[in-house]
Amino acid sequence: MFFPFSAESPEQLAAEAATLADRADPLPALAAELAGRRHGAWRAVVVGEDRDSVTGRLRAVAAGEPASGAAVGEAVTAENAVWVFSGHGSQWTGMGKALLDGEPAFAEEIDHLAQLIADEAGFSLHDALSGSAEGIEQVQPSLFAMQLGLAAAWRAHGAEPAAVIGHSMGETAAAVVAGALSTEDGVAVICRRSRLMRRVSGTGAMAMVALPWDTVETELADVPEVTVAAHSGPTSTVVAGGRDRVQTLVDRWAARDLMAKLVPVEVASHSPQVEPILADLSTGLSALRPRPARVPVYSTVLPDPRSAAAFDAAYWTANLRRPVRFSAAVRAALDDGHLAFVEISPHPLLAHALRENAGVGKVAVLSSIRRGGDALLRFRTQVGALHCAGAPVRL
């Protein structure tokens with residue numbers, strides 16, 4: 001059950017939480033009463049099914065303390081949020097199990113995808129999401145499926161995307177959610193892409209560093225076989241290239257007390273290392289039938305993120321080879337007035353980059369679930385957090 005309440009200041013919100021904690025019985029009656037109220041600028045939502053958990057979370061809100069199952073925030077928008085689909089690296093063992101058991105819309109979407117992925121890639125999606133995926137040819141289709149399942153779950157709670165942004169492989173799910181690709185074509189893109197990437201896996205690496213794009217490009221001038229792979233934010237850049245050279249760069253940056261770490265991926269995407277498979281990728285996707293998107297898409301491939309993307313074989317080939325222009329896409333969305341972003345992935349990878357691109361303005365940045373912990377509680381808390389940000393959801 002969801003227990004939403006609001007006030008005109010943080011202090012009043014805390015006082016209301018304390019009052020509700022003293023009268024949280026019976027829970028169904030309280031939930032129904034709160035659902036019928038009008039909502040003010042400062043909002044909170046507590047999630048729970050039993051009195052002890054609900055009152056404990058209400059008292060945490062009253063004390064100004066963070067608690068799982070409780071969301072607090074200021075309404076910054078009355079519009080739908082931009083949905084952001086992250087790339088490789090958010091996977092974890094058992095990432096879909098709780099949602100398969102507890103979110104019917106998620107389970108229905110996975111059931112639909114399971115046969116398509118089995119036919120295209122030859123593995124059990126349910127096994128991969130309840131346990132672990134093996135190799136890039138299973139990991140990326142599993143992440144794609146998680147993203148579509150999470151999108152279905154968000155929609156079941158009344159949320160809709162104002163626009164979509166996809167980071168690297170995340171553009172595949174973004175295109176399907178936007179209506180620019182059928183689910184079948186999306187499965188073809190992600191499965192054939194990842195199967196071909198297996199050919200060039202093992203020798204390359206990718207790494208993130210807390211430096212601006214232009215600074216990194218200057219530092220790479222004397223480092224052969226390593227290139228900028230993604231421009232994520234004003235001081236967030238990803239590089240790709242030979243494993244040993246990328247590791248040397250990470251060590252060099254770490255010695256300068258810079259945040260730098262390897263990305264958990266087997267292939268140096270968005271670099272010359274993928275060029276041997278591009279022709280086969282283009283051929284393998286020649287039968288795609290893209291269509292006009294129903295939801296605006298900010299491209300992370302094209303120089304102008306607002307340009308209409310074709311989403312044909314040539315586009316997906318460019319998506320794998322060219323640098324990811326994530327920062328430009330997010331800046332375009334911000335400039336167009338969007339103030340809320342939800343990352344559609346099993347673990348947030350882009351929250352820092354989203355906040356960094358937003359700067360000091362009031363922008364809500366939310367996730368869907370997080371590695372480990374109670375994924376079902378986390379997801380429903382994030383539904384509450386989107387309500388707190390002001391965007392329309394169904395509680």
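Colleague: Which residue meets Asp-22 in a salt bridge between side chains?

Modeller: In this predicted model, the side chain of Asp-22 takes part in a salt bridge with an N to O distance of 3.2 Å. Asp-22 lies in the loop between α1 and α2, while its partner is in helix α3 (residues 51-63), so the pair ties together parts that are 37 residues apart in sequence. The partner of Asp-22 is Arg-59.

Colleague: Is Asp-22 buried or exposed?

Modeller: A residue counts as exposed when its relative accessible area is over 50%. Arg-59, at 44%, is therefore partly exposed. Asp-22 has a relative accessibility of 56%, and therefore counts as exposed.

Colleague: Which residues are linked with Glu-16 in a network of salt bridges?

Modeller: Side chains of opposite charge can pair when their charged atoms come close. By the rule applied here, the count of salt bridges comes to 18. The network that holds Glu-16 also includes Arg-23, Glu-33 and Arg-37.

Colleague: How many Å separate the closest N and O atoms of Arg-155 and Glu-160?

Modeller: Arg-155 is partly exposed, with a relative accessible area of 28%. Glu-160 is partly exposed as well, at 34%. The two form a salt bridge, and their closest N and O atoms lie apart by 3.0 Å.

Colleague: What parts of the structure does the pair of Asp-280 and Arg-199 tie together?

Modeller: The side chains of Asp-280 and Arg-199 meet in a salt bridge, at 2.8 Å from N to O. The two residues lie in parts that are 81 residues apart in sequence, so the pair ties together helix α12, which holds Asp-280, and the loop between α9 and β6 (204-209), which holds Arg-199.

Colleague: How many residues of helix α13 are buried?

Modeller: Helix α13 covers residues 313-321 and is largely enclosed by the rest of the structure. Among its buried residues are Ala-313, Trp-316, Asn-319 and Leu-320.

Colleague: Which helices are included in what covers the buried residues of α13?

Modeller: The buried residues of α13 include Tyr-315, Thr-317 and Ala-318. Their cover includes α8 (170-177), α9 (183-197) and α12 (275-284).

Colleague: With which residues is Tyr-315 in contact, leaving aside its neighbours within four places in sequence?

Modeller: Tyr-315 lies in helix α13. Tyr-315 is buried, because its relative accessible area of 5% is under 20%. Its C-alpha is 38 Å from that of Leu-395, a residue 80 places away in sequence. The contacts of Tyr-315 are with Glu-171, Ser-299, Thr-300, Val-301, Leu-302, Ala-309 and Ala-310.

Colleague: What is the phi of Phe-311?

Modeller: Most residues other than glycine have a negative phi, and most peptide bonds are trans. Phe-311 lies in the loop between β10 (297-298) and α13. Phe-311 is buried, with a relative accessible area of 4%. Its phi is positive, near 55°.

Colleague: Where is Glu-225 found?

Modeller: Glu-225 also has a positive phi, near 70°. With a relative accessibility of 57%, Glu-225 counts as exposed. Glu-225 is found in the loop between α10 (213-219) and β7 (226-233).

Colleague: Which residue is joined to Pro-26 by a cis peptide bond?

Modeller: Pro-26 has its place in the loop between α1 (10-21) and α2 (27-35). The omega of the cis bond is about -5°. The residue joined to Pro-26 is Asp-25.

Colleague: What radius of gyration does the protein have?

Modeller: The protein contains 16 helices and twelve strands, and its C-alpha trace spans about 65 × 50 × 35 Å along the principal axes. For 395 residues, a compact globule would have a radius of gyration near 21 Å. The value for the protein agrees with this, being 22 Å.

Colleague: What percentage of contacts between residues at least 6 apart in sequence join residues at least 24 apart?

Modeller: Buried residues account for 58% of the 395 residues. Among contacts between residues at least 6 apart in sequence, the share that joins residues at least 24 apart is 76%.

How values were computed: Residues numbered from 1 in each chain as written. Heavy atoms only, no water. Helix = DSSP H or I, 4+ residues; strand = E, 2+ residues; numbered from the N terminus. Rg over C-alpha atoms; globule rule 2.2 N^0.38 Å. Buried < 20%, exposed > 50% of the residue type's maximum accessible area, 1.4 Å probe, protein only. Contact = heavy atoms within 4.5 Å. Salt bridge = Lys/Arg side-chain N within 4 Å of Asp/Glu carboxyl O.
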